[in-house]
Amino acid sequence: MDRARKIIALTLAAVFLVSITVLAAVKGLSSKLTFNGTNGFAWFYWANHTSQRGGYIQDSKNKTILRFKVMNPQKIYKKNNTRYGYYTYRFNMSKFKPGKYKLITYTPYYNWGEDYLTTTFTYPGATFLKYHSTKVIRNNNGDLMQRLYFKRNNARGKGLHFQIFNSKNQLLRTYNFKSGNSNQWFSFDWNGWAGKNAARRSPRGVYTVKYWVDGRSPSTAKFRLAL
């Protein structure tokens, strides 16, 4: 019985020591993960962690989608008699859907003794604006309008820009908006007139809309004016 109690006591002590190690590591950790479009950048300073580390990224189903090679910290510095390791991870998520992911770093088997570090993050997806369709609608004043629909993603706070050209590549109208919601449909209406001083409405036919969101290259799409 005494031997069994000793084993249980030692086991509990080991668990307690591991818990203290994890807690101390978290307390000495400073980290940040950001995105610029599809490019992700993560860094962290970790007290008393200066050994080599590997890493990988998992999706919400715990499937590993990206791996990082085992590396030394980019920088080691000392503060108040404590050594800190500075690690960075750069990656591109263009092949993956928006959603929740985990960046997991670890020490290799030959540096056994340190716990895995998991950072959960949300990938917002690439910023884009894409033409979808058009239809004729009647506005609240009873006027017929041509409504153009676009799909947008990760565009909150960015400028949305539109230019309409005729078949002779002449610029007829320009529209500029600021995106509020990030991932919802966006639409605007055109009454078919080239401007306030136009003598008459533009004739029915095929027109071109040039469009872009801040930070992205312009795209074009054809649509038929049916007013």
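Leaving out its neighbours within four places in sequence, phenylalanine 150 is in contact with Leu129, Lys130, Tyr131, His132, Phe162, Trp185, Phe186, Phe188, Val209 and Tyr211. Contact here means heavy atoms within 4.5 Å.

A quick word on what you are looking at. This is a predicted model, where local features need pLDDT of at least 70 and side-chain atom pairs count only at pLDDT 80 or more, while totals for chains, interfaces and linings use all residues. Residues are numbered from 1 along each chain as its sequence is written, and side-chain values use heavy atoms, with hydrogens and water left out.

Now the overall picture. The protein has one helix and 15 strands. Of the 227 residues in the protein, 35% are buried. Buried means under 20% relative accessible area, exposed means over 50%, and partly exposed is in between, using a 1.4 Å probe and protein chains only. And if you take contacts between residues at least 6 apart in sequence, 55% of them join residues at least 24 apart.

Back to our phenylalanine. Which residues touch the most other members of the largest nonpolar core? They are Phe150, Phe162 and Val209, in a core of 21 residues. At least two residues of this core come from each of β9 (128-138), β10 (144-153), β11 (159-165), β12 (171-178), β13 (185-190), β14 (205-213) and β15 (219-225). Strand β14 gives the most, with four residues. By nonpolar core I mean a set of buried Ala, Val, Leu, Ile, Met, Phe, Trp, Tyr and Cys residues joined through side-chain atoms within 4.5 Å.

Next, the rings. The whole structure holds 32 aromatic pairs. Rings of Phe, Tyr and Trp (its six-membered ring) pair if their centres lie within 6.5 Å; planes under 30 degrees apart are stacked, over 60 edge-to-face, and the rest tilted. Tyrosine 101 and phenylalanine 121 are a stacked pair, 5.9 Å centre to centre with 20 degrees between the planes. Tyrosine 101 lies in strand β7 (residues 99-106) and phenylalanine 121 in strand β8 (residues 117-123), so this pair ties together parts 20 residues apart in sequence. Tyrosine 101 is buried at 7% relative accessibility, and phenylalanine 121 is buried at 6%.

Phenylalanine 150 has a ring partner too: its ring centre and that of phenylalanine 162 are 4.8 Å apart, with the planes at 55 degrees, so the pair is tilted. This pair links distant parts of the chain, with phenylalanine 150 in strand β10 and phenylalanine 162 in strand β11, 12 residues apart. Phenylalanine 150 is buried, at 0% relative accessible area, and phenylalanine 162 is buried at 0% as well.

Let's turn to charged side chains. How many salt bridges does the count come to? The count is one, where a salt bridge is a side-chain nitrogen of Lys or Arg within 4 Å of a carboxyl oxygen of Asp or Glu. The side chains of arginine 147 and aspartate 189 form it, at 2.7 Å from N to O. Arginine 147 is in strand β10 and aspartate 189 in strand β13, 42 residues apart. Arginine 147 is partly exposed at 24%, and aspartate 189 is partly exposed at 22%.

Is arginine 53 buried or exposed? Arginine 53 counts as buried, at 0% relative accessibility. This arginine 53 sits in strand β3 (residues 53-58), and a polar atom of its side chain lies 3.1 Å from the backbone oxygen of threonine 105.

Last stop, the loops. Most residues other than glycine have a negative phi. Asparagine 80, though not a glycine, has a positive phi of about 55 degrees. Asparagine 80 is in the loop between β5 (75-79) and β6 (82-92) and is exposed at 68% relative accessibility. Asparagine 169 also has a positive phi, of about 65 degrees. Its place is the loop between β11 and β12, and asparagine 169 is exposed, with a relative accessible area of 60%.

Note on methods: A polar contact is a pair of N or O atoms within 3.5 Å; within protein, one must be able to donate a hydrogen and the other to accept it, and residues adjacent in sequence count only if both atoms are side-chain atoms.
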